[in-house]
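Please examine the sequence and the structure shown below. The briefing that follows them is arranged by topic.

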Amino acid sequence: MQKKILRLAVGLLFASALFSVTACAQDDDPDWRMTGANAGQSGSKKGESAFTPENISANFKLLWKLKLGQPSNGARSFSEPLLAARLINGQGFKDLVYWSSADTLFAVDYELGALVWKKQYDMSAVKTASGCEVSSLSVTMEPPLVINFRARRQRPPGTPRPPDPPPAKASERKLGVAPGGGYFGFKGIYVLTPDGMLHEQVITTGADFAPPVKFLPAPGASAYGLNFADRTIYSSTGRDCSGVPNGAWAIDFAAGDYQVKSYDTEKLHPLSLTGPVITPQGNSLLVTGTGTSDATAGVYASSVVSLSKDMKVQDWYTPKGGMASYESVSPVTFTYKDKQFVIAPGKDGGLTLLDAASLGGADHQTPLFETAPFAKTGEKHGWDGFATWEDKDGTLWVFASVSTGITLSDGGLKPTTHGGVVAFKADDANGKVTLNPVWVSGDMINPAPPRVVNGIAIALAGGDSSTHAQLHILNAATGAELYSSKDEIPAYTQLSGVSVGDSHVFFTDHDNVLYSFGIALEH
């Protein structure tokens, strides 16, 4: 019976793949398959044409909320809902939002706010030290397939088309490897459990696609997020848990033998709670914490480090005068005018613009541009993040969430007490890109990394144990507030990222309640 269900699930995957590939060819791509929308974690995406200032002001609202399991009593870990739309399962067409608790992956119909399936992992045998717990499993999905149906392979006249390989039997399927049987290798969603094993679930049903494989060397390692690029899944560790070295990890699916490579930061803690950020060239980027550098071991403190595909240090950037005091921060990487850039933290909450091909120049300390500091010297930043957006005129914008008081006051900008979001507009006159502050949001407590779609900036003020969260929708070019959730979110969030798709905004609070705000679908 189980084999029949799994065969049905895989068959439905092929149908949903065709539908999804067709949908992804449109301007409005509803999916949010990785943290920050893509492997570069840019925090922005094209489409979402319904998100206009007029629609937001008139129609944006709380659509539904749903409690998913019981919250963890241990240390909090980062989480962000993921989205896959236009799927087909035994119940028909489904638009799904995925989120995980400490031991369960949930799939919810995001139009109805109803649970579709859940997959629980038995971690009762895993002994986890205090402070090494995870409140949410690390989850990611592959980017959607892009298929050119018009492309034809050139064959000699009279040569028949070679047959497709037969689909693999259920007992022969391997994690991350397409089951065969035609074009559609669209598979599933990947989950890293506390025992260090990487699982693949069928995206439409939650069934096990293939046996899990070992990723991290020991249980209870407390991984930081997952990222996916070019048949490789990446993660990082940094809590000194279970004897697992601090650093970055990569598991390669291409050869099918699941080689794991790693970069050891020794006593330094990676600050990237969302996992390494990946460039189109296949380099992974992470920010390291304070400590002692060791150039002979390739360890650089308070730096942005670039690793090659084999997890060897290729380049690094260390700010002159040191980096601000960050507890958690990730860079972003993006393409602008055919060049790959990186936005990274600098001194006292300032930003640095780096060339991805040469992070800090010959001396590893010279950025392309560095903004003035915009936080008090010595202030500790709990969790900061960035987003980039290119507007319809081709102008680059950069957004930063700041978890401590903002000190900018020139040009009519207003300082904040606790934190907020700062927007910068790029000027690339004479071939040099500079970033100039344009607006500062209202005061926010523990803002999540911003998200930007169709000229709309989305800022979640997470609050704290004495202040509830608030969702703010802002005009990305001016900072004008278009919507505020006010008192609609009774709890605070903690290390909860925001995802956007199909005119919806998703996040979870500290009590494991999944929220959907947005513009209701007309039935």
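Predicted model: local features only at pLDDT ≥ 70, side-chain atom pairs only at ≥ 80, totals over all residues.

Residues are numbered from 1 along each chain as its sequence is written, and side-chain values use heavy atoms, with hydrogens and water left out. The protein has two helices and 35 strands; helices (H or I, at least four residues) and strands (E, at least two) are DSSP runs, numbered from the N terminus.

**Confidence**

- The average pLDDT of the protein is 88, and 88% of the residues score at least 70; pLDDT is the predictor's confidence in each residue, from 0 to 100.
- Residues 1-26 have a pLDDT below 50, and this stretch makes 44 contacts in the model beyond near neighbours in sequence; a contact means heavy atoms within 4.5 Å.
- Residues 181-185 also have a pLDDT below 50, with 17 contacts in the model beyond near neighbours in sequence.

**Overall make-up**

- Of the 523 residues of the protein, 58% are buried; buried means under 20% relative accessible area, exposed over 50%, and partly exposed in between, with a 1.4 Å probe and protein chains only.
- Among contacts in the protein with a separation of 6 or more, 57% come from residues 24 or more positions apart.
- The protein exposes about 21800 Å², of which carbon and sulfur atoms supply 51%; accessible areas come from the Shrake-Rupley method with a 1.4 Å probe, and for residues only the protein chains shown count as cover.

- Strand 12 (residues 232-237) is mostly covered, with six of its six residues buried.
- Thr-232, Tyr-234 and Ser-236 point one way from strand 12, while Ile-233, Ser-235 and Thr-237 point the other way, and all are buried.
- Strand 11 (residues 223-229) pairs with strand 12 in the antiparallel sense over five bridges; two strands pair if DSSP finds at least two bridges between them.
- Tyr-224 has Ser-236 in strand 12 as its bridge partner.
- The hairpin of strand 11 and strand 12 has two residues between the strands, and Asp-230 takes a positive phi near 50 degrees there.
- Strand 12 is also joined to strand 13 (residues 246-252), in antiparallel fashion, by six bridges.
- In strand 13, Ile-251 stands opposite Ile-233.

- Four strands form an open sheet in the order 15-16-17-18, with antiparallel pairing.
- Strand 15 (277-278) and strand 18 (313-317) are the edge strands, each of which pairs on one side only.
- Strand 16 (residues 284-287) and strand 17 (residues 304-307) run antiparallel and are joined by four bridges.
- Within this pairing, Val-305 in strand 17 is the bridge partner of Leu-286.

**Aromatic rings**

- The structure holds 22 aromatic pairs; rings of Phe, Tyr and Trp (its six-membered ring) pair if their centres lie within 6.5 Å, and planes under 30 degrees apart count as stacked, over 60 as edge-to-face and the rest as tilted.
- Phe-507 and Tyr-515 form a stacked pair, with 5.3 Å centre to centre and 15 degrees between the planes.
- Phe-507 counts as buried because its relative accessibility is 0%, and Tyr-515 counts as buried because its relative accessibility is 1%.
- Ring pairs link Phe-51, Phe-60, Tyr-483, Phe-507, Tyr-515 and Phe-517 into a cluster.
- Lys-119 lies over the face of Tyr-121, at 5.7 Å from the ring centre; a charge sits over a ring if NZ of Lys or CZ of Arg is within 6 Å of the ring centre and within 35 degrees of the ring normal.
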